[in-house]
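These are my notebook entries on one structure. I wrote down what I looked up, in the order in which I looked it up.

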Amino acid sequence: MEDCIFCKIIAGDIPSQKVYEDEYVLAFRDVNPVCAFHVLVVPKIHICCANKITEENSLYVAKIFEAIAKITKAEGIAEDGYRVINNCGTHGGQTVKHLHFHILGGEQLPMNIL
Ligand code: 5GP
Ligand code: ZN
């Protein structure tokens, strides 16, 4: 989709620090990390937000969570644990309108919501 930063990253038009890729999913380091390990996992099709997950596209969401299990294991943060966050819409604080899940970890996270 035109004018979508994450579609441009998927297309390779904007560089990113890739940590994982398969047919369905791309994962890359957040440009503005909020903790020691901060990776974004996105579907390789444009889905604007969690409100638009349907029976037709939910395979991408399943693949995202499969990827999260692989990434956290490969990066050595699975055992200590991590947090997965999806921000949706205005109240959720979503700034990039392409569905994405934040993986946060690599250190003890605050017990309140980030
Ligand atoms: P949101 O607030 O929408 O849940 O999160 C969007 C995230 O995307 C933010 O944490 C922000 O730092 C990250 N981000 C925005 N633009 C870019 C970019 O061009 N490259 C990367 N790697 N991350 C980005
Ligand atoms: Zn997009």
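This is a predicted model: local features need pLDDT of at least 70, side-chain atom pairs count only at pLDDT 80 or more; totals for chains, interfaces and linings use all residues.

I started with the contacts of Ala27, taking contact as heavy atoms within 4.5 Å. Leaving aside neighbours within four places in sequence, Ala27 is in contact with Gln17, Lys18, Val19, Tyr20, Val39, Leu40, Val41 and Ile71. Ala27 sits in strand β2; strands (E, at least two residues) and helices (H or I, at least four) are DSSP runs, numbered from the N terminus. The cut-offs are under 20% relative accessible area for buried and over 50% for exposed, with partly exposed in between (1.4 Å probe, protein chains only).

Residues are numbered from 1 along each chain as its sequence is written, chains are lettered from A and ligands numbered from 1 in the order in which they are written, and side-chain values use heavy atoms, with hydrogens and water left out.

Next I took Phe37, which lies in strand β3. Phe37 counts as buried because its relative accessibility is 6%. Not counting residues up to four places away in sequence, Phe37 touches Arg29, Ile71, Glu75, Ile77, Ile103, Leu104, Gly105 and Gly106. I also looked up Phe37 against Ile9: they are 28 residues apart in sequence and 19 Å apart in space, C-alpha to C-alpha.

Then I turned to the metal. Which residues coordinate the zinc ion (ligand 2)? They are Cys4 (SG), Cys7 (SG), His46 (ND1) and His98 (ND1), at 2.1 to 2.3 Å. Donors here are N, O and S atoms within 2.8 Å of the metal (3.2 Å for Na, K and Ca), and water is not among the atoms, so sites may look incomplete. The angles among the four donor atoms run from 106 to 115°, and the site is tetrahedral (four donors with all angles between 85 and 135 degrees). Along the chain the donors follow the spacing C-x2-C-x38-H-x51-H. Cys4, in the segment before α1 (5–11), and His46, in the loop between β3 (37–43) and α2 (58–74), link distant parts of the chain, 42 residues apart. I have Cys4 as buried, at 6% relative accessibility, and His46 as partly exposed, at 29%.

I then checked the largest pocket, whose volume is about 510 Å³. A pocket is an open set of points on a 1 Å grid over the protein atoms alone where a 1.4 Å probe fits, with protein on both sides within 12 Å along at least five of seven lines; lining residues have an atom within 4 Å of a point. The volume is the space filled by probe spheres set on the points, which are joined across faces, edges and corners. Of its 25 lining residues, Asp30, Val31, His38, Leu40 and His102 are the closest to the centre. α1 gives the most to the lining, with three residues.

Last, I looked up Ile14, in the loop between α1 and β1 (18–21). Ile14 is partly exposed, with a relative accessible area of 29%, and touches Ile5, Lys8 and Ile9, residues up to four places away not counted.

Notes
Four donors count as tetrahedral if all angles lie between 85 and 135 degrees; four count as square planar and six as octahedral if opposite donors are over 155 degrees apart and all others between 65 and 115; anything else is irregular.
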